[in-house]
Amino acid sequence: MAIWDLTFWQWFVLFQHEMLLFAGVFFLIGAIDDFSIDLLWIWLRLNGRANTPQFNGQHLATKPLAGLAAVFIPAWQEADVIGDTIAHALKAWPQNNMRLYVGCYSNDPETVAAVMRAAPRDPRLRLVIHEREGPSTKADCLNRLYRALCTDEQRVGAKARMVVFHDAEDMVDPAALGLIDLTMDRAEFVQLPVLPLPQAKSRWIGSHYCEEFAEAHGKSLVVRGALGAAIPAAGVGCAVDRMALARLAATHESRMPFASDSLTEDYELGLAVAANGGRCRFVRARREDGELIATRAFFPSRLDHVVRQKTRWVHGIALQGWDRLGWTARPAEIWMRLRDRRGPLTALVLLLAYMLLALSALGWAASLMGYGQPMEMTLALKLLLAANFFSFVWRAMFRFGFAAREYGILEGVRAILRIPVANIIAIMAGRRALFAYVRSLAGHAPVWDKTPHFIHPARAQPEALPA
């Protein structure tokens, strides 16, 4: 039969078959990629290289720092949370040689006022007002904080030892600064885990970050560090050696450490330090009570806010990062950057998968009513689908395990049930990121497309405060 003699339903079945083949192959490629990371992590666990050490939390919380630690917090329209963030950080980190630099904008008086109310008599707080009206970009605000630090260093005649980065909504861990200071003796860049907090009022959207970060910061970054690949900064709970930051600034024409047009300056930070010869370490540790030493925060809980945030991540890491960072010659680094940049392709394949579900339901219903025949699958296609089903079960088991380890069995079960939610969010963010990237190619300047924060963990959940 010639192809032009095919009936509508034959065309339908052919189209369904080709889409299934395309999606199945790419799902399998992604599954093999993830499976390789899983096997490496299991091997590291078996030989003890992925074990999580325990520290005396009280000792780390009160440990004198080896030098000045400058903590950078950029803030734009964060009046609801910035005061709690500052008050908690100053209480959690009592060291006299810690300085908290908070960057605000002159056209954001509410945030400025909240910063001034937070700790009016603590000399460790440094309010920095940007000369530009906001919002610019987070990278630009960080550069303003860097200039303020340079000015202070010139005035006192001494350099800081390290710069620590946090966001305006973070609840810092009392043991984190001491642990970073301890690790900085043998590294130029240090990243601690991030632990999103479950949200009772947003079990399916806001809480889906829990399993994503639990797995990424419990397995993927552990493997990445063991392979010797650069550790991307999460933008919070990370620190850079002061001299390494100065060397990074010297590589830019602006003499600033961050490119002001970057949407994911945090991700680029760790990679840039490694490219300049710096040693990067991801440090995963627990206190003696078993609690993870990590930065805690409430992530966005509304669908539009979540999509906006993930759009920025996909745009900055997968699309803009390809242009800005390029590739390297090291196999492990190439592998990790491929994983970082697969977001748009993953969104496309997920979209095809959900379209296939709809087409399969339509085809099944049509065959029941006597229209056409259901698609006949070859042995190869059956094996492909069986491999994909096995990989899904495997992935769900890992997602359950990492979520249950940090949040309990109930949250682990929810992590499995939230997989379709996470997939739909990925599709929406991938589409939005692609359009945003096309607009940037047309000359549209990036802006701080931030997500709002309303409640700080220290206020909403006092029992969640680490001891």
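Reader: Are the side chains of Arg337 and Glu333 buried or exposed?
Author: The model is predicted, so local features need a pLDDT of at least 70 and side-chain atom pairs count only at pLDDT 80 or more, while totals for chains, interfaces and linings use all residues. Residues are numbered from 1 along each chain as its sequence is written, and side-chain values use heavy atoms, with hydrogens and water left out. Relative accessible area sets the class: under 20% is buried, over 50% is exposed and anything in between is partly exposed, with a 1.4 Å probe and protein chains only. By this rule, both Arg337 and Glu333 are buried.

Reader: What N to O distance do Arg337 and Glu333 have in their salt bridge?
Author: A salt bridge requires a side-chain nitrogen of Lys or Arg within 4 Å of a carboxyl oxygen of Asp or Glu. Arg337 and Glu333 are four residues apart in helix α11 (residues 331-340), so about one helical turn separates them; helices (H or I, at least four residues) and strands (E, at least two) are DSSP runs numbered from the N terminus. The N to O distance in their salt bridge is 3.4 Å.

Reader: Which residues do salt bridges that share partners join into one network?
Author: Arg337 and Glu333 form a salt bridge. Elsewhere, salt bridges with shared partners make one network of Asp38, Glu215, Lys219, Arg395 and Arg399.

Reader: How many residues apart in sequence are the parts that Arg279 and Glu188 tie together?
Author: Arg279 is partly exposed at 42% relative accessibility, whereas Glu188 is buried at 15%. Their side chains form a salt bridge of 2.9 Å, N to O. Because Arg279 lies in the loop between α9 and β9 and Glu188 in the loop between α6 (176-183) and β6 (189-191), the pair links parts whose separation in sequence is 91 residues.

Reader: How far apart are the closest N and O atoms of Lys159 and Glu153?
Author: Lys159 is exposed, with a relative accessible area of 52%. In the salt bridge between Lys159 and Glu153, the closest N and O atoms are separated by 3.6 Å.

Reader: What is the average twist from one strand to the next in the open sheet of seven strands?
Author: Two strands count as paired if DSSP finds at least two bridges between them. The order in this open sheet is β4-β3-β2-β5-β8-β6-β9, with mixed pairing. Its edge strands, each pairing on one side only, are β4 (125-130) and β9 (280-282). For axes fitted as lines to C-alpha atoms (for helices over the stretch in contact), with angles from 0 to 180 degrees between N-to-C directions, the twist from strand to strand averages 20°.

Reader: How many of the six residues of strand β2 are buried?
Author: Ala69, Val71 and Ile73 point one way from β2, and Ala70, Phe72 and Pro74 point the other way. Strand β2 (residues 69-74) is largely enclosed by the rest of the structure, because its buried residues number six of the six.

Reader: Which helix does the chain pass through in crossing from β2 to β3?
Author: A crossover is right-handed if, with the strands pointing away from the viewer, the path from the first strand over the helix to the second runs clockwise. β2 and β3 (residues 98-105) run parallel and are joined by six bridges. The β-α-β crossover between them is right-handed and passes through helix α3 (residues 82-92).

Reader: Which residue of β5 stands opposite Val71?
Author: β2 also pairs in the parallel sense with β5 (residues 162-165), over four bridges. Opposite Val71 stands Val164.

Reader: Which residue in β4 is the bridge partner of Tyr105?
Author: β3 and β4 run parallel, joined by six bridges. The partner of Tyr105 is His130.

Reader: Which helix supplies the largest share of the nonpolar patch?
Author: Patches join residues with over 30% relative accessible area and no salt bridge, like charges within 9 Å and nonpolar side chains (Val, Leu, Ile, Met, Phe, Trp, Tyr) within 5 Å. Leu21, Phe22, Val25, Phe26, Ile29, Leu345 and Leu348 form a nonpolar surface patch of about 540 Å², with areas from the Shrake-Rupley method (1.4 Å probe; for residues, only the protein chains shown count as cover). Both α1 (8-46) and α12 (343-368) supply at least two residues. The largest share, five residues, comes from α1.
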